[in-house]
Structures are given as C-alpha cells and as structure tokens.
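Subject: Structure handover

Hello,

My notes follow below it.

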Amino acid sequence: MSGLAPPREAPSRPALRFERGQHELFCGLTGIVWLHRKMPDAFFLVVGSRTCAHLLQSAAGVMIFAEPRFATAIIEERDLAGMSELESELDRVVNRLIERRPEIRTLFLVGSCPSEVIKLDLARAASRLDAARPGLRVLSYSGSGIETSFTQGEDACLAALVPECPVPAGPPLPALLIVGALPDIVEDQFARLFAALGIGEARFFPGRSARALPPVGPGTCFLLAQPFLGDTARALEARGATRIAAPFPFGADGTAAWVRAAAAAFGIDEVHVRQTIAPARERAKRALERHRERLAGKTIFFLPDSQLEVPLARFLASELGMRPVEVCTPYLHARHMAEELALLPAGLPVTEGSSVDEQLDRVRAARPDLTVCGLGLANPLEAEGLTTKWAIELVFTPIHGFEQAGDLAELFARPLRRRDVLRV
Ligand code: SF4
C-alpha cells in the first residue's frame, strides 16, 4: 500500500486555471549553481552580461578554494554592433579557457537574455567548437530569463545532453533511469533501495560525470525525480525510452508511491516491495510526526516559482494535514503532474502562470499562515506581517526520498516556529 489515495470528497479534481502577466522569477542560469556541483567535469560558460555574472556569483557564492567551473563571457555594448567579431571573440575565450583548463571534457555554452536579443547562434558556435577540438564535447542551451524560469535551466541542460547518451548495445533490455539532478547522498540512498528491490543497477541522469552518460534506448524506463523536466522527458521519449508515471518522491507516502511505480514497471512482487521499503518508510513517518502538530491545519499559499509547488502542496496536505489555499506554478505539465493533481484536495485552486499583482492580492485577502515565494517577494510580504518561505531553498536542500522527509517538513515548520517566537 502506498498510503496515497485521492481525498474522499468527490470529484477529486483541483480547480485549474491559467493566468498570464508580470512575473518575478530567477532565470534558468540559476540551475548552473547545482548542476556544476553535480557534474564536476563539466564547465558552464555563460555568454551574457555583467548582470548574468553578478547573478551567478551571488547565487553560488565565490568559490575560493576550488577552481570555478562556471564563468561569464561578457557581451560588451560594442559587441552588440558586429556579429562576426563576437563569434571570433567567443572562440578566443573558449580556446583560452581550454588551454588553461585542459581537464574540461564537457563545455556548455549557456545562452542569456543578451545573447538571445542579438540572436547569437550558440548552437552553431557549439558545433563549430566541438568539431575543432577532439576530446572536448561542446553543447549549448538557453538559460535566458526571456525563455526560462530557474528550474527550466536544468531541463534545458539535460535535454541538450540526451542526444549525447550512447545507444544501448544489444537487444533492448529493461533498465531503470532516474532523471533529475539529485544530491549525491540522495542518489546513493535510491541506488541502494532499487538494488534491494531487485530492479538491478539504477542509472542516474545527470550522473556524477558529464562524460559517463547512461545508455538510452527502447528498453530504458525512466522515472522523473523532478517535476520540471518536460523537454528532457520529450528528448528521452524521442530516443525510445518510456516514462514511468508516478507522483514525485516527496514525503513518506510520496516516495513509497514513486518507488512502487518503478517496481511495478519491472514486475517486482508487491509484498517484496512493501517489506523492502518498510523500515525507511517508517523512519520517514516518525520524522514527519514530529512536525505534524505545528503544521496540521495551517494554511499555505504557493506563489509560482520552482515548479515544485504541486507535489509539495500534495505532500503538505496529505502527509502533514496542512491546508493549501491556492497553488500557483509557473508551468503545469499536465501529463507529468496527473498523479499529483489527482491527490490534491478537491476544488483547490491550482493556477498555472504568473501574474504577480493579482496573485499578491489573493495572498493578502487569504492571509495564509505561510506563503512560499521567491526571494524578491518575501521581504515585502514579511513587512506586511505575513510569514514566508523562500522557494529557492527547496531547490538547494536535499528533500527527496524517505530519509529527507523530516528535513522537508522542517523547512516549512521553521518559519512558523520563528513567527511564534517573535509573537511571544
Ligand atoms: Fe538577467 Fe537575463 Fe542574464 Fe538572467 S539571463 S541574469 S534574466 S540578463
């Protein structure tokens, strides 16, 4: 039993709507902060402005002890005039970089708003540089704020990597691929769990090396670990891989349902699955119990930010008794989110898209106990007496799986505890 079942009231459908307007989101460059840690043999060269460089430096902090694995090739104002000069300048920057850092094996040229506005063809630049330097793989993707919100940077990066994955040798044999950047500690936990279930060696994408890519072909069954990987999933499916439909691995029940979906796809006996996951699931449930008292019955409003909003609202409602008021998400992938939406409370407003002013008005009217939002909105809302949680922390903290369920609940309990202390 997964423990997850749609709420009793019928119909068990949230109320979906679409909204478009001004948005306040980080751009896809932010993904470099966690991707460069995940793939230490890759280098990310942003082709952008000083603003892009500042964003990366402040989001990642300055790496003092390690050689950095990302940089910005600055497009100056004079560059905006002549295209050919810019292309040869980019070649010069890359050549200098590779001479200084010959250990780089995969180089991502990352597009930004300025490179997009001047229509710099980074895909062409990448294939030119790739052909010119044997042993160096050069790929490109866009992290621009015009095209991407911050978790979409990971999606664009992984989608660019999929065509580089080798084709499996021999006839198609079922193989499990977990898709979405996970901290190494979480990856190890899942690898042990799937091995114990008898699924065999689970591969991870991205893995710990941008060079050692997993084979992808018709036998590949992939399980999304992150809800923001629409383009990556499409690229994998184009290679013949099959997605395993499942809720996302947040919380004790969410993780159990995610694991069970994979086990079912591989024909693993349900009783064996239940017994194998029972100890970790019980630990997760006990860890959640500690937070239930503070969180149960509390109202929560999600402003659109990370695309994690829907699965997190499901987790908080079904496993901790919180009461979501509204769940706004920048983009809702209907197919990937189907299992999650079916588990949300009936009638809950779920809004796809951003329209900051209208959404803030609804937050003010509802005055929820907790508002999950981007950094830029947190301070103004706190000044109005509302308690907030920075959405970006949910991306930087290990939150997937049984062992992290308690930490995930703690991320929501902490601001409420702080609010209570301040009120006393
Ligand atoms: Fe700003 Fe665009 Fe650069 Fe992102 S890509 S930092 S939104 S200029």
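Helices here are DSSP runs of H or I with at least four residues, numbered from the N terminus. Please keep in mind that this is a predicted model.

**Helix pair**

Next, α10 and α16. Helix α10 spans residues 270-295, and helix α16 spans residues 405-423. Their axes lie 9 Å apart, at an angle of about 15 degrees. Angles under 35 degrees count as roughly parallel, so α10 is roughly parallel to α16. The crossing of α10 past α16 is left-handed.

Which residues meet in this pair? From α10 come A284, A287, L288, R290, H291, R294 and L295. From α16 come A405, G406, A409, E410, F412, A413, L416 and R417. The contact of α10 with α16 is made up of 9 nonpolar, 2 polar and 4 charged residues.

**Backbone points to check**

Most residues other than glycine have a negative phi, and most peptide bonds are trans.

- F205 and P206 are joined by a cis peptide bond, with omega about 5 degrees. P206 sits in the loop between β7 (203-205) and β8 (220-224).
- K119 has a positive phi, near 60 degrees, and is not a glycine. Its place is the loop between α4 (113-117) and α5 (122-132).
- Q307 also has a positive phi, near 70 degrees, and is not a glycine either. Look for Q307 in the loop between β10 (299-302) and α11 (309-320).

Are K119 and Q307 buried or exposed? K119 has 7 C-beta neighbours inside 10 Å, so K119 counts as exposed. Q307 has 26 other C-beta atoms within 10 Å, so Q307 is buried.

Best wishes

Terms used: Residues numbered from 1 in each chain as written. Predicted model: local features only at pLDDT ≥ 70, side-chain atom pairs only at ≥ 80, totals over all residues. Axes fitted to C-alpha atoms, helices over the stretch in contact; angles between N-to-C directions. Helix = DSSP H or I, 4+ residues; strand = E, 2+ residues; numbered from the N terminus. Parallel < 35°, antiparallel > 145°, perpendicular 65-115°, else oblique. Left-handed = near helix turned anticlockwise from the far one by under 90°. Contact = placed C-beta atoms within 7 Å. Nonpolar A, V, L, I, M, F, W, Y, C, P; charged D, E, K, R; others polar. Buried ≥ 20, exposed ≤ 12 C-beta atoms within 10 Å, placed from the backbone.
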